[in-house]
Amino acid sequence: MQEMLSYIVKNLVSNPDAVEITLETQGKTKVFKVKVDEKDLGSVIGRGGVIANAIRTVVKSASEKKERIVIKFDSK
């Protein structure tokens, strides 16, 4: 799951080396914290959060039905 998220985000940003993804597990919830360069934050979130919501949809559809996925985007 984390590899897929990393692949998607790194292909959207101009500085893929600055992408950091951490995973925290809280019960049945997996929280992915995605940090990108400050200049690339708009590219990952998109106008009105359209791209961020699309990323969330793809990752959630690839996950198991029993687990809850949360993705948080932030800049460095």
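Of the 76 residues in this chain, 33% count as buried, where buried means under 20% relative accessible area, exposed means over 50%, and partly exposed lies in between, with a 1.4 Å probe and protein chains only. This is a predicted model, in which local features need pLDDT of at least 70, side-chain atom pairs count only at pLDDT 80 or more, and totals for chains, interfaces and linings use all residues. Residues are numbered from 1 along each chain as its sequence is written, and side-chain values use heavy atoms, with hydrogens and water left out.

Next, the fold. The chain has three helices and three strands, and from the N terminus the order is α-β-β-α-α-β. Those elements are DSSP runs numbered from the N terminus: helices are H or I with at least four residues, strands are E with at least two.

Along the principal axes, the C-alpha atoms fill a box of roughly 35 × 20 × 20 Å.

Now the contacts, meaning heavy atoms within 4.5 Å. Taking those between residues at least 6 apart in sequence, 57% join residues at least 24 apart.

Which residues touch the most other members of the largest nonpolar core? They are L5, V9, V34 and I71, in a core of 15 residues. A nonpolar core here is a set of buried Ala, Val, Leu, Ile, Met, Phe, Trp, Tyr and Cys residues joined through side-chain atoms within 4.5 Å. At least two residues of this core come from each of α1 (2-12), β2 (29-36), α3 (50-62) and β3 (68-75). Leaving aside residues up to four places away in sequence, L5 touches I21, F32, V34, I55, V59 and I71.

I8 is also in helix α1. Its relative accessible area is 21%, so I8 is classed as partly exposed. With residues up to four places away in sequence not counted, I8 touches I55 and V58. From I8 to E24 the separation is 16 residues in sequence and 19 Å in space, C-alpha to C-alpha.

Last, P16. This residue sits in the loop between α1 and β1 (20-26). P16 is partly exposed because its relative accessible area is 32%. P16 and K65 are 49 residues apart in sequence, and their C-alpha atoms are 30 Å apart in space.
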